[in-house]
Amino acid sequence: MNNKVLIVDDEPDIRELLEITLGRMEMDTDTASDLGEARALLAGSDFQLCLTDMKLPDGNGIELVREIQNKYPHMPVAVITAHGSTETAITALKSGAFDFVSKPVDIRKLREMVNTALKLEHVMPEKVTAESDSPLKLVGQSTQISKLKEQIAKLARSQAPVFISGESGSGKELVARSIHAMGPRQDKEFVAINCGAIPSELMESEFFGHRKGSFTGANSDKTGLFQAADGGSLFLDEIADLPLHMQVKLLRAIQEKSVRPVGSESEVPVDVRLLSATHKNLDEEVTKGNLRQDLYYRINVIELHVPSLRERRNDIPLLAEHYLELIARENGMHKAGISDDALALLQEYDFPGNVRELENILQRALALAEDNVIQAHDLPSLKNRSEEAPVDPVQETRDQIALEDDFSLEKHLEKIEKAAIEKALEETRWNKTAAAKKLGMTFRSFRYRLKKLGVD
């Protein structure tokens, strides 16, 4: 049985073009010239997809998008917009549209969009979430995490750009991977880019690729990350760290759905689902002039907030059990456990590093634990925190400084800086990119300080 598509447009030429294109893709079509005809056809037939124009004689395509969302939630609907109508396209996506295509209709892009939309019928998200050992498992039963799982399942059925907000270590990349794995692009690549970890002078080449001989050291053609993600999803982590000159190029790539490799005279079409994240406040970054407003509107079509671990303390026992099981498996242990007293300490702690910090604490504690069961005394840093009386950090720091005759403020600050860097490296298992993020620094700045302070 062929897939059936409903085409809604008041222009006969557009309807004919879409009918011919979809017919060549071996699909059946019904056409309507206005909302009234579309509603009648929807009531009388089963469709796998709807393509609708935005401007119709008796209303707006957005109305139809919302009606289909309410009455036929499993049917994807894509809108046809006037060329350059970015605001209209964003409104449609926020209203629940699967995707959009601009006039004049690009047949290649239309085919790609239709094929992606029809894959939704064969996607079974329960396969992803049911696997107990899946690396994509979002562990927890709190209200916050349950709501997040529902939002992920809904957003996975769309192609709208999603901005994932949340503190460092809260699991933003895991959420992005889950959206990809539960959507119609799951059989294609998920490519993650840490925008703060790529040197500025190499960014264009890394993002868009380059041609042989385009600059010194370009000894062969290179495929960029956009092309590597073609057909799949592209996750831009710490997007607020992108320099302004790259923001302009990124915006064009998103709008035109094509990239120009360095040294090339022509553009290469790419089809990617855009997901992005940062621990920074995007509105503040726009106000400060660090983020272009037009890029902000493009990436922040739908915002998805990942709660901090402090906001879902009830999930800590489940998370601890999950990570201890993984750590035990990685280290060839039969089993690893944790006492009630130790769990109580974990639940009292604020976890500024969130889930990533919890995993790190459990790894260190398990290395010290007897019989592979973590006790309260295996968590000395947390135990001391709970026993100590609150102190004034400024007064405490003043008390620790000894202003001797040979005192050097510069050396004292370097000592503090070095200690903070080493602690961040230890807590991130010597992952320099993660350590830089933990310290609120760019990767380039972090690398410079490592060299300056002689941290190996």
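Student: Where is Asp53 found?

Tutor: Asp53 is found in strand E3, residues 49–53; strands here are DSSP runs (E, at least two residues), numbered from the N terminus. A word on the source: this is a predicted model, where local features need pLDDT of at least 70, side-chain atom pairs count only at pLDDT 80 or more, and totals for chains, interfaces and linings use all residues. Residues are numbered from 1 along each chain as its sequence is written, and side-chain values use heavy atoms, leaving out hydrogens and water.

Student: Why does Asp53 count as buried?

Tutor: Buried means under 20% relative accessible area, exposed over 50%, and partly exposed in between (1.4 Å probe, protein chains only). Asp53 has 5% relative accessibility, so it counts as buried.

Student: What makes the side chains of Asp53 and Lys103 a polar contact?

Tutor: The term needs a pair of N or O atoms within 3.5 Å; within protein, one must be able to donate a hydrogen and the other to accept it, and residues adjacent in sequence count only if both atoms are side-chain atoms. The Asp53 and Lys103 side chains make such a contact at 3.3 Å.

Student: Why is Thr442 called partly exposed?

Tutor: Thr442 has a relative accessible area of 37%, so it is called partly exposed. Thr442 sits in the loop between helix H20 (432–438) and helix H21 (443–453). A polar atom of its side chain lies 3.2 Å from the backbone nitrogen of Ser445.

Student: And which residue's C-alpha atom is 5.5 Å from that of Thr442?

Tutor: That is Gly196, 246 residues apart from Thr442 along the chain.

Notes:
Helix = DSSP H or I, 4+ residues; strand = E, 2+ residues; numbered from the N terminus.
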